[in-house]
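Welcome! Here is a short tour for someone meeting this structure for the first time. Take a look at the sequence and the 3D view, then read on.

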Amino acid sequence: MFTPRFEIVYADGDTDDDPTTGLDYDISAMAAYASVDVEICPGFIPYFGIKWEEGDDDPNDDDIDAFNSITDIARYTPTFGMENAIVYRYLTSLGTHLYSGNFNRTGTQTGYGGISNSSTGDAPGLLMWGLGAKGKYGNWSYKAQYMSFEFDEEPTGVDDEVGQEFDLRVAYTFSKHFTIANCFAAFDPGDAVEDLWGSDYDDTALVNTIELTWRW
């Protein structure tokens with residue numbers, strides 16, 4: 001009835017001769033994830049969880065406390081993964097990598113990890129908590145979820161509230177070879193986005209996607 005998931009990760013190492021500052025940086029950072037699915041019946045499986053990635057609290061020292069994974073494909077994970085969710089896209093205003101759902105392009109310090117090694121050393125990290133439900137009724141399936149995002153360590157003069165997202169995906173499977181689905185996603189930016197980019201970035205983002213999936 002219960003499907004728990006848990007992960008804890010520690011990154012340790014160092015970087016050599018930053019071309020901008022000429023400094024070596026010591027890397028010491030952590031991340032953790034936990035969630036549980038509760039299968040009440042095949043048509044109703046509620047779930048909830050939390051994800052934490054440590055952020056850097058001082059961009060001016062020679063330590064990197066921000067956790068940056070080699071890459072991050074949260075878009076395809078079994079609990080909060082959603083093919084067309086907004087937070088899993090490559091967005092400059094959020095500092096997200098494609099598929100990642102974190103904000104590790106936010107910052108200015110040379111770092112480590114991420115797609116093409118592009119995550120910053122002073123990335124603010126994140127705290128995400130969310131809940132949702134999914135299920136199947138015959139050929140129909142659905143998934144609806146809510147996620148709230150905050151910076152673990154907010155940059156100077158920036159609020160910690162990044163925003164919140166709601167996703168809804170409904171699909172109909174015609175056969176084992178073909179499925180049609182509609183995914184609606186909405187992201188409401190928090191004060192952190194406006195602090196970083198200005199008042200023009202306070203509008204709610206809406207995306208509606210039709211998926212046609214063929215399998216052989």
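Lys51 has a relative accessibility of 14% and counts as buried. Here buried means under 20% relative accessible area, exposed means over 50%, and partly exposed lies in between, using a 1.4 Å probe and protein chains only.

Before going further, a word on the model. It is a predicted one, in which local features need pLDDT of at least 70 and side-chain atom pairs count only at pLDDT 80 or more, while totals for chains, interfaces and linings use all residues. Residues are numbered from 1 along each chain as its sequence is written, and side-chain values use heavy atoms, with hydrogens and water left out.

**Salt bridges**

Lys51 has a charged partner: Lys51 and Asp72 form a salt bridge, with 3.3 Å between the closest N and O atoms. This pair links distant parts of the chain, since Lys51 is in strand S3 (residues 45-53) and Asp72 is in the loop between S4 and S5, 21 residues apart. Asp72 is buried too, with a relative accessible area of 14%. A salt bridge is a side-chain nitrogen of Lys or Arg within 4 Å of a carboxyl oxygen of Asp or Glu, and by this rule the count comes to six. Helices (H or I, at least four residues) and strands (E, at least two) are DSSP runs, numbered from the N terminus.

Arg5 is partly exposed at 27% relative accessibility, whereas Asp37 is buried at 5%. Salt bridges that share partners join Arg5, Asp37 and Lys134 into one network.

**Strands around Lys134**

Lys134 stands opposite Lys143 in S6. The charged end of Lys134 also sits over the ring of Tyr47, 5.5 Å from its centre; this calls for NZ of Lys or CZ of Arg within 6 Å of the ring centre and within 35 degrees of the ring normal.

S5 and S6 run antiparallel and are joined by 11 bridges; two strands pair if DSSP finds at least two bridges between them. They form a hairpin with two residues between them, and Gly138 in the turn has a positive phi of about 60°. S6 is also joined to S7 by 11 bridges, and these strands run antiparallel. Gln145 has Asp167 in S7 as its bridge partner.

**The loop between S4 and S5**

Is Arg75 buried or exposed? Arg75 is buried, with a relative accessible area of 11%, and its place is in the loop between S4 and S5. Leaving aside neighbours within four places in sequence, Arg75 is in contact (heavy atoms within 4.5 Å) with residues including Glu83, Tyr88 and Tyr99.

Tyr99 is found in this loop as well, and is partly exposed at 28%. Tyr99 has a positive phi of about 80° although it is not a glycine. Most residues other than glycine have a negative phi. Asn117 also has a positive phi, near 60°; it is in the loop between S4 and S5 and is exposed at 52%.

His97 belongs to this loop too, and is buried with a relative accessible area of 5%. Among the residues that His97 touches, not counting those up to four places away in sequence, are Tyr88, Tyr90 and Arg105. Arg105 in turn lies over the face of Tyr90, at 3.8 Å from the ring centre.

**Aromatic rings**

How many aromatic pairs does a search of the whole structure find? There are 11. Rings of Phe, Tyr and Trp (its six-membered ring) pair if their centres lie within 6.5 Å; planes under 30 degrees apart count as stacked, over 60 as edge-to-face and the rest as tilted. Phe103 and Phe151 form an edge-to-face pair, 5.7 Å centre to centre with 85° between the planes. This pair links parts of the chain 48 residues apart, and both Phe103 and Phe151 are buried. Elsewhere, Trp140, Tyr172, Phe174, Phe178 and Trp214 form one aromatic cluster.
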